[in-house]
Number of protein chains: 4
Amino acid sequence: MNSITSAAPGTQRIFTSDNTAGASPEIVQAVIAAASGQDLPYGADRHTAGARARFAEVFGRDVDVLPVSTGSVANALSLAALTPPWGSVLCHRDSHINTDECGAPEFFTGGAKLVHLPGDDAKIDAEQLHAAAHRKVGDVHSVQPSAVSITQATETGALYSLDEIRGLSRVAKDAGLRVHMDGARFANAVAALGCTPAEMTWQAGIDVLSFGATKNGTMTADAVVVFDRALTQELSFRAKRAGQLTSKMRFQSAQLDAYLTDGLWLRNAAHANTMAARLGHGLKALHGADLLHAVEANILFCRLPQPVVDQLLAEGFAFYHDRWEPGVCRFVTSFSTTEHDVDTFLDAVRRLTT
Amino acid sequence: MNSITSAAPGTQRIFTSDNTAGASPEIVQAVIAAASGQDLPYGADRHTAGARARFAEVFGRDVDVLPVSTGSVANALSLAALTPPWGSVLCHRDSHINTDECGAPEFFTGGAKLVHLPGDDAKIDAEQLHAAAHRKVGDVHSVQPSAVSITQATETGALYSLDEIRGLSRVAKDAGLRVHMDGARFANAVAALGCTPAEMTWQAGIDVLSFGATKNGTMTADAVVVFDRALTQELSFRAKRAGQLTSKMRFQSAQLDAYLTDGLWLRNAAHANTMAARLGHGLKALHGADLLHAVEANILFCRLPQPVVDQLLAEGFAFYHDRWEPGVCRFVTSFSTTEHDVDTFLDAVRRLTT
Amino acid sequence: MNSITSAAPGTQRIFTSDNTAGASPEIVQAVIAAASGQDLPYGADRHTAGARARFAEVFGRDVDVLPVSTGSVANALSLAALTPPWGSVLCHRDSHINTDECGAPEFFTGGAKLVHLPGDDAKIDAEQLHAAAHRKVGDVHSVQPSAVSITQATETGALYSLDEIRGLSRVAKDAGLRVHMDGARFANAVAALGCTPAEMTWQAGIDVLSFGATKNGTMTADAVVVFDRALTQELSFRAKRAGQLTSKMRFQSAQLDAYLTDGLWLRNAAHANTMAARLGHGLKALHGADLLHAVEANILFCRLPQPVVDQLLAEGFAFYHDRWEPGVCRFVTSFSTTEHDVDTFLDAVRRLTT
Amino acid sequence: MNSITSAAPGTQRIFTSDNTAGASPEIVQAVIAAASGQDLPYGADRHTAGARARFAEVFGRDVDVLPVSTGSVANALSLAALTPPWGSVLCHRDSHINTDECGAPEFFTGGAKLVHLPGDDAKIDAEQLHAAAHRKVGDVHSVQPSAVSITQATETGALYSLDEIRGLSRVAKDAGLRVHMDGARFANAVAALGCTPAEMTWQAGIDVLSFGATKNGTMTADAVVVFDRALTQELSFRAKRAGQLTSKMRFQSAQLDAYLTDGLWLRNAAHANTMAARLGHGLKALHGADLLHAVEANILFCRLPQPVVDQLLAEGFAFYHDRWEPGVCRFVTSFSTTEHDVDTFLDAVRRLTT
């Protein structure tokens, strides 16, 4: 099913996704510390209390937090609380919820419909959103626009500006829709925009956030962050019912706590972004490589001659290359990518293109 | 919501459940080892391959394994693969799926019905099962008996003998039903019965097993073990759709691998069982304590005078005591319970009852 | 699947249920009248407007009405609007929703749980309701009591008094639950109690009513009657989504309109009740027949010697007889049962028992 | 909600849809005949047996038939039997199931996904189908192509040729997909193509058919016709669970029986088609009217000057005109449309455009 060659020891050669990295040492330490002694189950433990306080600090206000096991759960749970079964979720055509979750949102919502919108760089166009948000409202023959979901950073590594987020939220709110943010790469976006988490979320109209951490340093800990706290009770029952209320929640909370402590999350993300920028800079300088857009976060797209692609794969580098037009490749960096990893790869491309 | 007093450092005073323990050192080591280096996502990693091999070894045959984040997910996923939406799951009235999962089985199955049966010690009575399995079969006005779910060890710590499991399976199979085992305390049962995992599962007619590990030493890793492998593809799609396909599956698999290596799982369980036996033995010797049944695994029920209960709670011991008849208390031991913990508690009871 | 012998022409010999009757002549006339000419679809037609006005008249206030194709739909739709997926519906163990709808409530609610209560004559006991309504409230591990459903007349033909309905509603409302009435035999109950529809429903705390008409004279037209009109919008979307918004709604509305015009519905029901009373009176006088309770509506239970049962069946009479203790038989009369039908049957029993 | 002016008595002026017609006299007679006497419930009656035999005759083989209350139910039920919750249904972007059923297919399937395809005249393009049917097959991150649904006649009144249906079925079957036909206007298509029902369905690869009758002469009776009879048991349970198993099924069956008797269904459809052709012919001859495509069944699209549209509406004619490009109007004829109706309308257009 998966033919990616394993990385040679010592060098990270996999650029398929940031989910191929391990965990940050700080996260590992936190898990070790959480492993001994008794503590209360189902979130009544000390680590969960600590993580909650940390989230409040980071977001500049009280928020409710539900640790979850994957980003797919975070998304599907969030949408279930924002959309009735006869509702629709407006999202980008290429959004993860629409293309990569095997219908998890449909499952959790009880059969709501994802209505997908076009837009460059996997970003929803505000005019398209406006039209869709007002389509067939009140018409009993049609599912009812109920929520919009935006991904920040997007699936192609692009960023919505704060103004763009506010604009989409305004369109949504004016039409009575709630706003969800899929923040699988939330940290990368905050680091890149240089804004506060508050500015990018509740201050910009976000009601519920899928807070991704796994791609950026934790092991298996993501969270739903609830700004519209009227939704929390429903979310709690839905989470339990989805099997997400872990007895030993301390292990998830310890990770999230450490992740948010001393800025680890932003350091990791900034590093990943820097590595992508370095890779982009290096590729740009090469004659045979054609960078397809500016690098904003930790994903970049580049066109390479097919023989070069083939040879890179043969040498053990891994990246997605056969999902788009011929020659278009995607590269993702992570907190664990090193300058050496990037340079080793650039050396290979340089050698093959000259 | 939860008023259990925190344990004093150094002594484990919480006997509410085995879910208040941390993780075994071997599990922690495995997680540390899994944390560095790149590896493939979604189960294509080395640790998952290792865990699969280990499961095959332990069960004496090839099996399919889906790591999941909780026992509730393991149960609900399994039942969804065994029961159509218009089916019913026959289970004990006091089973966890019926009383403690906020309707997770109903959610995952698309609205199947749990039909609950009576029986002592939370064990399903074979005659009751026979009657229920044949009730309204083919009657389009009624949900159709489709699966039976048995919990081993049961919610009260009792054990089905191998003969009893085989007997229930036979009743089920004769009626065309599939058989699920909720093995939240699977290891405790195997250790107590002294049988092989194979004997207690597929050789006794079990089609799918919820393999619990979290209560017995892992952090947050349980699994669905599939013996009727025709179900695996459906289970895989359902798991993804439920948000259970973790990108960094290595962290779950590393735990499961270590758990099954060198008999850790059975050592842990045997220890928990021994501690319960020690506790039972101690209580039996006390005049004021009335042990309610033989101790078979790691749970025991005992009647204590209300003033004794109150004083034990006041001294910081924690256990469930207000869910049954007055004075009836439940005590659960775990892999991390020590003789000192048990004896400290027994000393307190002795002091208060004499 | 169904071995009931067809009735001899001229005499109605089927007492299995009131659903074996045809339709009242007035209903047939209304359908004929509705069949010609164009009219607007989806309830914007003249007949639907007329039926709505009639319902308002009959219930003494404005109500919202959704025509539906069966009583099962009426029940399941109503419950879906009253109960979240993580909720529970408290109902009698023998209620139709629990035993005869193949899980329709679970399907429409997205997997809510029916929690069934005991009680004589298929009537919910108020104390049992109180206990169940307060069980595990706020406990995230448990489905949450959300609605109570009472059947009037009950599945055994018994009646709740107005005081009993008010009492159950009070218990429900005090616990924050909504109240649904399954009125499959609503007319029989109103006729028997001699009260107004208002007294038996919204004045007694009912939020939503399954208004049965099919058993009492219409062809295929039942309705959801909404007293808590905040639920109407949700019900409309759910009804459409369940395929219940008929384009030619005029045909259902014409039936409902005629049914409620000039007291047809109450005349029909009173007649059915009278026929049951006549049957009960006749059986009581017979030595070999043992009437099991007072006849309140149009259903009665009676114990007959097995040879008598066998012979009655052999002679072409049809009734349920093998669902309860040996010899217990159920007889149901309808608007179309005649004195001749009853007397013919009584003659047969008399002949066989003497 | 609906601002269509009622038709003047004597002339049918509503061309919005064929659902504004009443019922054929033969259907009315059948309902009258079914209304008296007792009969068995839930499909064990004489009329249902008769209707089944008629369907077998019409389709040239044994088929299973489930009467349903609407076309939406027919579609959603059918798709639920053809698609697992993690499956996708490939359908045209403008198909009724995608745009006009408020998510009924998503509800009945437990959250499957409708994947919509482009194509002229609301017809699925075979190449697009081929691509979609093979997209991400076996990829656990994606819903799995499971069924294709084609509408015959289409939502715009176009027809698939027999060859086209066979071609799409072949593509579907080769990819392991089942084929559903939404036959809301099935009769119009058969009449227009001059083929047998068998040729257009099971002989062309259709597994399940939504057999529409309501638009073409019945009151409220449509049906699911099952060619792949392995699906029937599942469909029966799903139908009951959806509240579609009517107790007095005789009233639906009597309509369906009469509809199929002596070719009524084809006469009605042929008449509607002829009226559309007459309307098309008339419009074509008018200078100001611009017929947008050939008239194949009973729907036509025509562009008219806006002042003409406004004046026609003012005069009490009703038709859809504001759902497409400015000036584009849709006209639908039915079995009850008369030459006089068409000519009256044409006269008006002629008067206004010259």
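In what order do the seven strands of the open sheet in chain A stand? In this predicted model, in which local features need pLDDT of at least 70, side-chain atom pairs count only at pLDDT 80 or more and totals for chains, interfaces and linings use all residues, that order is β1-β7-β6-β5-β4-β2-β3, with mixed pairing. Residues are numbered from 1 along each chain as its sequence is written, chains are lettered from A and ligands numbered from 1 in the order in which they are written, and side-chain values use heavy atoms, with hydrogens and water left out.

View 1. Strands (E, at least two residues) and helices (H or I, at least four) are DSSP runs numbered from the N terminus, and two strands pair if DSSP finds at least two bridges between them. In chain A, β1 (64-68) and β3 (113-117) stand at the edges with a single partner strand each, so one side of each has no neighbour in the sheet. From one strand to the next the twist averages 25°, where axes are lines fitted to C-alpha atoms, for helices over the stretch in contact, and angles between N-to-C directions run from 0 to 180 degrees.

**View 2. Strands β1 and β7 of chain A with helix α10.** The antiparallel strands β1(A) and β7(A), the latter spanning residues 222-226, are joined by five bridges, and A:Val65 is placed opposite A:Val225 of β7(A). Helix α10 (residues 232-241) of chain A lies across β1 and β7 of chain A, at about 15° to β1(A).

**View 3. The largest cavity, lined by residues of chains A and B.** A cavity is a set of points on a 1 Å grid over the protein atoms alone where a 1.4 Å probe fits but cannot get out, and its lining residues have an atom within 4 Å of a point. The largest cavity has a volume of about 90 Å³, the volume being the space filled by probe spheres set on the points, which are joined across faces, edges and corners. Its lining includes A:Phe251, A:Gln252, B:Phe251 and B:Gln252, and α11 (250-260) of chain A and α11 (250-260) of chain B are the elements that give two or more residues to this lining.

**View 4. Strands β6 and β7 of chain C.** Four bridges join β6 (residues 208-211) to β7 (residues 222-226) of chain C, and the two strands run antiparallel. The bridge partner of C:Val208 in β7(C) is C:Val226.

Definitions and conventions
Contact means heavy atoms within 4.5 Å. On a 1 Å grid over the protein atoms alone, a cavity is a set of points where a 1.4 Å probe fits but cannot get out, and a pocket is an open set with protein on both sides within 12 Å along at least five of seven lines; lining residues have an atom within 4 Å of a point.
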